[in-house]
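Subject: Structure handover

Hello,

Please find the structure below. My notes on it follow.

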Amino acid sequence: MPRQPDPLSPRERVLLASLTAAGPGFCALVGALLAVIAWGIIAYAVQLRYGLGVTGLRDNFMWGVYITNFVFFIGVSHVGALMSAILRITGAEWRRPVTRMAEAITFASLLMGALMPFVDMGRPDRILNLLLHGRLQSPVLWDILSIGTYLTGSTLFLYVPMIPDIALLRDRFAGGPAWRHRLYALLALGWNGTEAQRHHLERIMGVMAILIIPIAVSVHTVVSWIFGMTLRAGWNSTIFGPYFVSGALFSGAAAVVTAMAAFRWAYHLEDYITEAHFRRMGYLVIALGMIYAYFTFAEYITPSYKMAAAERGYLSAVFSGQFARLFWFTQLGGVLLPLLLLTVPRIAWVPRLARVPILRPVPALATLATSVLVLLLLPAILPRTAALGGFAAIRQLPVWIVAALGGWLFLTLLPVFRQRPIAAAVVASLLVNVGAWLKRFVIIVPTLQYPFLPIQRAPVGWAVYRPTWVEWSITAGALAGFVLIYLLFSKVFPIVSIWETREEGRHPAPASSPAGAHGGAADAPAP
Amino acid sequence: MRLLRKPSCYTLLLVALLVLPAEGAEPARVLLRTRAAADGTVQVTATVVDARGAPVAEVPLVFKRRTAFGWLTLLETSTGKDGTAQTTLGAGAAPGEIAVEAGEDGTIRAAVLVERRKAPPPVIRPGRDVLRGLSPQPGFISPYPVPLQVTFFGAILGGIWATYGYVAWLLLRIRREGNHPGRPL
């Protein structure tokens with residue numbers, strides 16, 4: 001006799017509708033992602049056919065964009081398991097609608113991150129050699145072991161709390177497509193919600209929530225040791241482990257904010273993911289960002305205070321030379337600006353800014369846009385003004401003018417972001433993630449460009465790393481793969497936990513177990 | 001002119017030609033010889049000789065090694081006064097074909113197959129001594145897994161995977177409970 005499906009509340013129906021509804025927007029997005037992935041696969045085929053010579057990687061630059069992607073994806077993967085586990089253990093009630101999103105980010109980004117070292121190897125037929133001839137003394141082997149362990153643990157951590165929901169879907173989609181029903185029946189493990197089953201589930205969640213925290217921390221620590229165990233300027237650091245972990249948590253929390261906004265908008269989850277969730281996640285991002293900023297300061301102040309001769313070239317290139325723009329963007333645009341965006345709009349005097357004429361958004365933006373357009377178009381219209389305008393003139397603007405314009409734009413937009421806190425959180429989180437990727441690039445490439453023994457007798461162009469179209473294509477393919485896995489996951493499984501959000505309504509009082517802990521409603525006033 | 005008519009003069013000239021060093025003689029062949037040393041290295045010696053078998057000095061030589069990607073140049077040199085030149089293959093080098101090309105255009109060629117050599121045991125010994133810093137390369141840089149490190153990793157990874165096993169067992173119990181409620185696993 002078929003099981004009777006549980007009755008659903010209206011908001012749960014909205015959630016389940018997101019599993020089956022696939023409009024033209026969804027199909028277009030999947031098509032675009034598949035096209036980018038296909039292009040990435042073509043680029044990889046070119047790399048396989050002609051070797052790593054088609055990339056910008058050379059003798060001195062054995063790591064580049066691929067390892068940047070690897071560190072970035074592993075970093076983003078952190079937050080899912082770690083944040084979810086910490087919030088479960090501490091009994092934060094508001095976590096319930098967002099934990100599965102975070103855990104799914106971990107799963108998708110780990111899959112993509114784990115691929116990157118193999119792409120970087122150039123000879124995938126030698127993958128087994130890593131295990132056959134790997135040395136236990138090498139951080140590279142530690143990395144393989146820790147990532148494998150973390151992938152297994154985070155998959156379990158994602159899967160186990162989904163079992164009651166999968167059982168609900170099994171009953172709900174009994175008359176649906178056969179593949180769906182078979183998949184749900186297999187993964188539901190015969191879940192009926194009996195007392196014994198709930199007991200086992202809570203026990204598993206308790207064990208996994210505690211276990212996954214040291215595993216997640218150790219994974220990114222080991223990733224940092226791949227760099228930190230070498231004697232190279234910029235990498236030879238004792239705080240690389242915590243520095244990497246703090247950066248990973250910062251970028252991962254920001255990625256969760258982006259995912260929350262995307263799913264809230266696409267699947268109409270306003271009843272589940274409220275403004276209060278963005279506010280609380282914003283607090284988390286601010287706290288993690290400040291810790292990360294502290295570690296960054298500590299990481300760079302020590303060598304730059306001493307300016308040892310062997311490290312001078314590297315430090316000069318990062319602070320004021322070839323990589324200065326990237327570095328300062330990662331610090332100002334990737335850390336400072338997001339933190340300001342998340343904090344300043346809450347200050348009481350911000351609405352008064354809109355009364356100042358030069359800070360009104362529309363005139364200010366129009367003035368800026370017109371100025372840029374005039375500078376760009378004037379040389380084309382009046383050839384005599386070529387020296388005054390064009391792209392080159394904009395690029396050569398003094399730093400103080402750029403800073404003043406940026407500050408003006410920021411002050412202009414503050415009242416707008418105050419009215420739209422979710423937009424502010426999304427812009428801040430996107431900036432954090434772009435900055436996080438670029439920061440990984442700045443960690444990896446300048447060090448390789450400035451080894452202790454200078455690069456000598458290298459062919460022209462080999463002493464500078466310039467990623468080629470192959471690397472950019474594979475990177476775009478990996479990003480598209482990450483988004484596609486995440487998107488397809490949300491089409492097969494509910495992106496918000498149904499049974500946990502049900503319990504949120506049923507049991508407002510604090511609970512004792514990590515699987516069903518409570519600690520305050522999401523809509524509670526912010527501290 | 002009278003001197004030229006004497007047969008002894010031609011005999012002397014012939015003897016002088018034979019005795020004179022072979023400088024300026026054209027190289028005709030390259031002879032290759034290998035010698036394995038106790039430390040695992042292999043010395044490859046090339047001797048360039050002319051058509052009469054006499055060594056030829058100052059002949060340009062190129063030592064090459066066959067690799068999966070083609071011939072790799074190991075050394076570009078010239079023969080010494082004794083007509084020889086040498087190169088040494090490191091102890092860790094893989095076995096393979098070594099070729100020598102002699103002459104300005106490299107047309108005189110010889111090759112020899114270097115067999116797999118038994119690698120010498122590493123100087124550094126693993127174990128507690130390494131950890132105690134008695135070895136010149138203490139700690140994790142040891143070429144062997146350090147026992148303490150293996151134990152440490154084994155305990156951590158073993159503990160984690162054992163916990164995963166426990167979780168899998170609990171999942172099986174959930175499944176069993178779903179199929180047969182109330183029946184113990």
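Among contacts in chain B between residues at least 6 apart in sequence, 47% link residues at least 24 apart. Two residues are in contact if their C-beta atoms, placed from the backbone, lie within 7 Å. Please note that this is a predicted model: local features need pLDDT of at least 70, side-chain atom pairs count only at pLDDT 80 or more, and totals for chains, interfaces and linings use all residues. Residues are numbered from 1 along each chain as its sequence is written, while chains are lettered from A and ligands numbered from 1 in the order in which they are written.

Chain B first. It has four helices and seven strands. Helices (H or I, at least four residues) and strands (E, at least two) are DSSP runs, numbered from the N terminus. From the N terminus on, the order in chain B is α-α-β-β-β-β-β-β-β-α-α. Chain B has 185 residues, and 16% of them count as buried. Buried means that 20 or more other C-beta atoms lie within 10 Å of the residue's own, with C-beta atoms placed from the backbone.

Now chain A. It has 20 helices and zero strands. Of its 527 residues, 40% count as buried. Of the contacts in chain A with a separation of 6 or more, 82% are between residues 24 or more positions apart. The C-alpha atoms of chain A fill a box of roughly 80 × 70 × 45 Å, taken along the principal axes.

The axes of α7 (residues 163-172) and α8 (residues 178-187) of chain A come within 8 Å and cross at roughly 145°. Axes are lines fitted to C-alpha atoms, for helices over the stretch in contact, and angles run from 0 to 180 degrees between N-to-C directions. Which residues meet there? A:I166, A:L169 and A:R170 in α7(A) meet A:H181, A:Y184, A:A185 and A:L187 in α8(A).

Last, the contact between the chains. It takes 22 residues from chain A and 21 residues from chain B. On the chain A side, α6 (139-159) and α9 (195-228) are the elements that give two or more residues. α9(A) gives the most, with 10 residues.

Best wishes

Notes. Buried ≥ 20, exposed ≤ 12 C-beta atoms within 10 Å, placed from the backbone.
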